[in-house]
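Here is a short report on one protein model.

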Amino acid sequence: MRDKILLLMLFLSVLSCVYFYFRSPKVFLLFFRTMRLSRHIYYSVIFTGGYLLGVKISGFGFGVVYFISGLLLINILFAASLVVNNIYDKQIDALNSKDNILNSRGFTLGRYYMFFYALLGLSLPLSFAVSLKVFFITALIHFFSWTYSCPPLRLKKVFLVNTLLIAISTLLAMLLGFAASADSIRLFPAGLALAVIAVLFLFFNTPDVNDYKGDKKHGVKTMVTVFGQAKGRLITAVSAFAGYLLVPILLNAYGLLIPSAIIGAVTYMLINMKTRKINETLIFALFFAYAAAFAFINPV
């Protein structure tokens with residue numbers, strides 16, 4: 001019965017996208033162009049890792065319908081969080097030359113709120129159809145998204161708390177995948193959860209380097225806005241390098257010590273290069289390559 005409900009939800013989601021496209025193709029294409037594909041890939045990979053880990057630990061089979069439903073869900077959740085973030089980061093993104101649909105001509109704030117409500121309306125019943133555990137994690141992700149981006153808290157502006165919330169959100173994306181395939185969240189390895197938060201807390205200062213101008217003007221506290229561009233870059237580079245070295249230490253995966261040092265050193269150099277902006281795409285590509293190497297060499 002649950003499989004049939006999920007298939008119905010998937011059908012309705014696809015139908016909604018098709019309707020959106022034919023109703024307003026230009027807006028549809030603009031919306032998807034500003035959805036930051038690299039981050040969708042990032043959270044999809046994290047979800048998939050959690051799902052496969054759940055399959056392995058629980059011993060249940062690979063449920064294709066559950067996997068596809070969860071993969072759609074994590075992308076809906078990131079899209080919803082990005083919509084909220086874009087609303088309150090409109091001016092910041094304009095200064096940082098980042099894609100934000102609200103900075104496009106003729107696109108109203110009211111219409112953008114409708115996108116959020118549509119994504120919220122899809123995510124909650126879809127998550128409930130997967131399982132009650134997935135529903136609660138979905139609600140938690142929405143909560144963290146709001147506290148991160150929206151007043152009155154807007155924790156994005158609070159130094160170090162902002163990076164910690166992103167690290168926690170990544171762990172929640174992995175837990176979402178795990179909960180979609182495993183019987184109990186309590187089976188999730190505590191050491192891995194600690195490692196994810198610690199390593200990403202150190203690594204995720206990196207994207208802030210490119211956002212210096214807008215963040216500085218609007219009071220968002222990051223490494224580069226607090227310590228200055230030169231010193232902040234250096235601290236960010238050292239933190240990312242330390243994050244890579246922490247993985248084999250925290251998870252007893254000493255076979256990754258050399259790859260950790262190599263990729264960490266390359267990331268350090270990329271962040272510390274004398275360029276106005278860092279190559280964020282390459283840095284994330286290295287991160288994905290490292291994650292793949294970890295999964296191959298030391299499966300949890």
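Rings of Phe, Tyr and Trp (its six-membered ring) pair if their centres lie within 6.5 Å; planes under 30 degrees apart count as stacked, over 60 as edge-to-face and the rest as tilted. This is a predicted model: local features need pLDDT of at least 70, side-chain atom pairs count only at pLDDT 80 or more, and totals for chains, interfaces and linings use all residues. Residues are numbered from 1 along each chain as its sequence is written, and side-chain values use heavy atoms, with hydrogens and water left out.

**Aromatic rings**

The whole structure holds 31 aromatic pairs. Ring pairs join Y42, Y43, F78, F203, F204, Y244, F284, F287, F288 and Y290 into a cluster. Two pairs are set out below.

| Pair | Centre to centre | Angle between planes | Class |
|---|---|---|---|
| F20 and F28 | 5.2 Å | 75° | edge-to-face |
| Y112 and F115 | 6.0 Å | 85° | edge-to-face |

Y112 and F115 sit three residues apart in helix 6 (residues 109-130), so about one helical turn separates them. Helices (H or I, at least four residues) are DSSP runs, numbered from the N terminus.

Are Y112 and F115 buried or exposed? Both are buried. Buried means under 20% relative accessible area, exposed over 50%, and partly exposed in between (1.4 Å probe, protein chains only). F20 is buried at 18%. F28 has 15% relative accessibility, so F28 counts as buried.

**The largest pocket**

A pocket is found on a 1 Å grid over the protein atoms alone: it is an open set of points where a 1.4 Å probe fits, with protein on both sides within 12 Å along at least five of seven lines. Lining residues have an atom within 4 Å of a point. The largest pocket has about 1100 Å³ of space. Its lining has 44 residues, and R36, R39, F78, L82 and K98 are the closest to its centre. Among the elements that give two or more residues to this lining are helix 3 (37-58), helix 4 (64-88) and helix 14 (280-297).

H40 lies in helix 3. At 11% relative accessibility, H40 is buried. Which residues does H40 touch, not counting residues up to four places away in sequence? They are M35, N75, F78 and A79. Contact means heavy atoms within 4.5 Å.

C150 is buried at 2%, whereas C17 is partly exposed at 37%. A disulfide is a pair of cysteine sulfur atoms within 2.5 Å. By this rule, the count is zero.

Terms used. Points joined across faces, edges and corners; volume = space filled by probe spheres on them.
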